[in-house]
Amino acid sequence: MDPVTPDVTQLRALTHPVRMRILGLLRTLGPATASQVARRLGLNSGATSYHLRQLAEHGFVEEASDLGNNRDRWWRASAMTTSVRDDDVTTDDGRDATDAFHQLAVTQLASRMQGAAVRRGGESEEWRAVTSISDLQVPVTAEQAAQILTRFEDLMWEVLAEHPPTPGELADDQRRYAVVISSFPADDEPGWESR
C-alpha cells in the first residue's frame, strides 16, 4: 500500500484525536467493526461509526466488504502510512491545517513515548536494550538540515521496505517497534555573555 498524501480537506478531516486513534488502531490491529473500535476506545458505536464514515469519505479507511455480512460492517485502513509535507502546502489555509495536524500528531506521539518510558522498567533486558531516546543539537543551515532529514527519511523507508507494517496478530517473539524521526529548529539560547 502506498502512503496516503492528504490534501487540505482530507487533512482537516483526519486532524481529530478520535479519528487519528481509530486510523492507528486499524493500521496496527487490522480490520474491525465500529462496535469493536467503540469498545477499545470507550465510546458508543454511533460515534465510532460516524468517525469511520468521515475517514472513509476522505480516503483513509475503506469498507472491508470481504469480512462483513448483513449485520456487521468491517473497516480497514486504506494505507499503512500518511505522508504530510510542508512543501506541499502553498496557502495559509493549508499551513494552518498542516500545523494543526502536526500539533495533534506530536501530542499523541508524546503520550505513546511517555507510556513506553513508564513500561520500560518492566521490560525484559532484551527489549530494554533496544529502547532509546537520543537527541542532539547541531548548528546547520536550512539546506544542511534538509540533507539530514532526507538521510533519516531514506533510512526509515529502507526499514519499512525490509519490515513492512502488517496489521493483525504478531508472532510470539515479536513486538511492534516504534521508530520516530523528529527534527526541528531548536530554540536558540543566547551566549553566556549575552545576558
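Predicted model: local features only at pLDDT ≥ 70, side-chain atom pairs only at ≥ 80, totals over all residues.

Colleague: Which residue does E123 form a salt bridge with?

Modeller: For a salt bridge, look for a side-chain nitrogen of Lys or Arg within 4 Å of a carboxyl oxygen of Asp or Glu. E123 pairs up with R175, and their closest N and O atoms are 2.8 Å apart. That joins distant parts of the chain, since E123 is in the loop between α5 and α6 (125–128) while R175 is in the segment after α7 (142–162), 52 residues apart. R175 has 38% relative accessibility, so it counts as partly exposed.

Colleague: How many salt bridges are there by this rule?

Modeller: The count comes to five. One of them brings together the side chains of R12 and D93, at 2.6 Å from N to O. Here again distant parts of the chain are linked: R12 sits in helix α1 and D93 in helix α5, 81 residues apart. R12 is partly exposed at 41% relative accessibility, and D93 is partly exposed at 41% too.

Colleague: What about R73 and E63, where do they lie?

Modeller: Their side chains meet in a salt bridge, 3.2 Å from N to O. R73 is in the loop between β2 (61–63) and β3, and E63 is in strand β2, so this bridge ties together parts ten residues apart in sequence. R73 has a relative accessible area of 42%, which makes it partly exposed; E63, at 41%, is partly exposed as well.

Colleague: Switching to the greasy side, how should I think about a core?

Modeller: In soluble globular proteins, nonpolar side chains tend to be buried together. In this model, the largest nonpolar core has 22 residues. L14, I22 and L26 are the ones with the most contacts inside that core.

Colleague: Which elements each supply at least two residues of this core?

Modeller: They are α1 (8–14), α2 (17–29), α3 (34–41), α4 (45–57), β3 (74–77) and α5 (92–119). The largest share is five residues, and it comes from α2.

Colleague: Can we zoom in on L26? What does it touch, not counting residues up to four places away in sequence?

Modeller: Skipping those sequence neighbours is a handy way to see which other stretches a residue meets. With them left out, L26 touches P31, A32, L52, V61, W75, R76, A77 and P167.

Colleague: Now the whole chain. How many helices and strands are there?

Modeller: There are seven helices and three strands. Reading from the N terminus, the order is α-α-β-α-α-β-β-α-α-α. For overall dimensions, the C-alpha trace spans about 70 × 50 × 35 Å along its principal axes. Of the 195 residues, 22% count as buried.

Colleague: And what can contacts and surface tell me?

Modeller: For contacts, check the separation in sequence. Among contacts between residues at least 6 apart, 65% join residues at least 24 apart. For the surface, ask which atoms it belongs to. The accessible surface is about 14,200 Å², and 50% of it belongs to carbon and sulfur atoms.

Colleague: Last one: how far apart are the mean positions of the positive and negative charges?

Modeller: The chain has 20 positive and 30 negative charges, and their mean positions are 9 Å apart.

Notes
Residues numbered from 1 in each chain as written. Heavy atoms only, no water. Core = buried A, V, L, I, M, F, W, Y, C linked by side-chain atoms within 4.5 Å. Buried < 20%, exposed > 50% of the residue type's maximum accessible area, 1.4 Å probe, protein only. Helix = DSSP H or I, 4+ residues; strand = E, 2+ residues; numbered from the N terminus. Contact = heavy atoms within 4.5 Å. Areas by Shrake-Rupley, 256 points an atom, 1.4 Å probe, with all protein chains shown as cover. Lys, Arg positive; Asp, Glu negative; His and termini not counted. Charge placed at Lys NZ, Arg CZ, Asp CG, Glu CD.
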